[in-house]
Amino acid sequence: NVIYLSKIIMEEKMSKDLFLDYLTEEKKTADNTAKAYLRDIKHFKQFLETRYIADLSDATNADVVAYLMLLKSQNRSKSTVNRKLASIRTYYNFMQKKMGLAQNPTENIKSPKIEKKKIEFLTIDQIDTLMTLPDESHKGIRDRAILEFLYATGIRASELIDMSCSDINLRMGFLTCTGENVRARIIPIGKLAREAVEKYMQSSRNLLIRNNPQEEHLFVNYHGQPVTRQGLWKILKEYGEKAGFEINLTPQVLRNSFAVHMLQNGADVKSLQELMGHEDISATQVYLAFTKNRIKDVYDRAHPRA
């Protein structure tokens, strides 16, 4: 029994290492996503052990269904259930492809349907109003640069926080963003954002890092340290309330605004996917619903019998 158990542990460790390699090298999965997959598989394995199943390879379709029913009984959200099922499905696809597993226990199991989340974004007029709110203090100059930068590039909050001065080329007007994906992407920076960031770097940033001159991060706080996620949300909340917006102003709202306005003004979905760093184009296509009125206006103006 001890020998058998040791064999199972060794085989599972080997398959875990190979699965991680499969995710990161073959599937080009982001590190955080790969770690989430491994956590989900570990949780599923713990569930199987309660059913006296020691080896993941011995799981059946009924075991997977029972696990999903357990998650449902625990009031887990549909998105959480979907993510865990996707992790398990990916694992068994790997086991079939690389380890010779005969039967995939996730076969014919459908993911729960998720109601589409409402996408919140600002109008172009609201963006114009927002950019007039920061004053000419050092804080205001920095905040204006942050607002312009988020809207001009559509980058994620984590990407802005991690951005270093060497990632941005103001003279050429672009930034290099590694972000959550393995492959870096190049994003243009518009004129107004370039001017705001250049003004911030030449004045406010130098003052803010006076006690920490070696700091490489682009956006810093009063202590000369990188702006934190909480700090960024606080900045945006302040200006959202000052503008009187009905929705909470967050980094995601500015990212959504970037995407919707790009599509409304003629950008194609594939290019937008590249700019936003989406691994799956379906994540970009959700913004298409907000371009229908724009397309109809173009049709009405352009078609001779409209």
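Biologist: Which residues does L236 touch, not counting residues up to four places away in sequence?

Modeller: L236 touches I146, L147, L150, L249, T250, P251 and L254, where contact means heavy atoms within 4.5 Å. This is a predicted model, in which local features need pLDDT of at least 70 and side-chain atom pairs count only at pLDDT 80 or more, while totals for chains, interfaces and linings use all residues. Residues are numbered from 1 along each chain as its sequence is written, and side-chain values use heavy atoms, with hydrogens and water left out.

Biologist: Which residues have the most contacts inside the largest nonpolar core?

Modeller: They are F149, L218, F219, L232, L236 and L254, in a core of 50 residues. The name "nonpolar core" is used because its members are buried Ala, Val, Leu, Ile, Met, Phe, Trp, Tyr and Cys residues joined through side-chain atoms within 4.5 Å; buried is under 20% relative accessible area, exposed over 50% and partly exposed in between, with a 1.4 Å probe and protein chains only. At least two residues each come from α5 (124-131), α6, α7 (157-162), β2, α8 (191-202), α10, α11 (251-264) and α12 (269-276). A second, separate core has 26 residues, F47, V64, I88 and Y92 among them.

Biologist: Why is α6 called roughly perpendicular to α10?

Modeller: Helix α6 (residues 138-153) and helix α10 (residues 229-243) pack at about 95 degrees, with axes 11 Å apart. The cut-offs are under 35 degrees for roughly parallel, over 145 for roughly antiparallel, 65 to 115 for roughly perpendicular and oblique for the rest, so α6 counts as roughly perpendicular to α10. From α6 the contact uses K139, G140, R142, D143, I146, L147 and L150, and from α10 L232, I235, L236, E238 and Y239. By class these are seven nonpolar, one polar and four charged.

Biologist: How do you know that α2 and α4 are roughly perpendicular to each other?

Modeller: Helix α2 (residues 31-50) and helix α4 (residues 78-99) meet at an angle of about 90 degrees, their axes 9 Å apart, and therefore they are roughly perpendicular. The residues that meet are A36, Y37, D40, I41, H43 and F44 in α2 and R83, K84, S87, I88, T90, Y91 and Y92 in α4. That contact divides into seven nonpolar, three polar and three charged residues.

Biologist: What makes β1 and β3 edge strands?

Modeller: β1 (168-169) and β3 each pair on one side only, in an open antiparallel sheet ordered β1-β2-β3. Two strands pair if DSSP finds at least two bridges between them. β1 and β2 have two bridges, so that pairing qualifies under the rule of at least two. Strand β2 (residues 174-177) is joined to β3 by four bridges.

Biologist: Which residues form the covered face of β3?

Modeller: R185 and I187 do, whereas I186 and P188 form the uncovered face of β3 (residues 185-188). In β2, L175 and C177 are on the covered face, F174 and T176 on the uncovered one. In a regular strand, side chains alternate between the two faces of the sheet.

Definitions and conventions:
Axes fitted to C-alpha atoms, helices over the stretch in contact; angles between N-to-C directions. Nonpolar A, V, L, I, M, F, W, Y, C, P; charged D, E, K, R; others polar.
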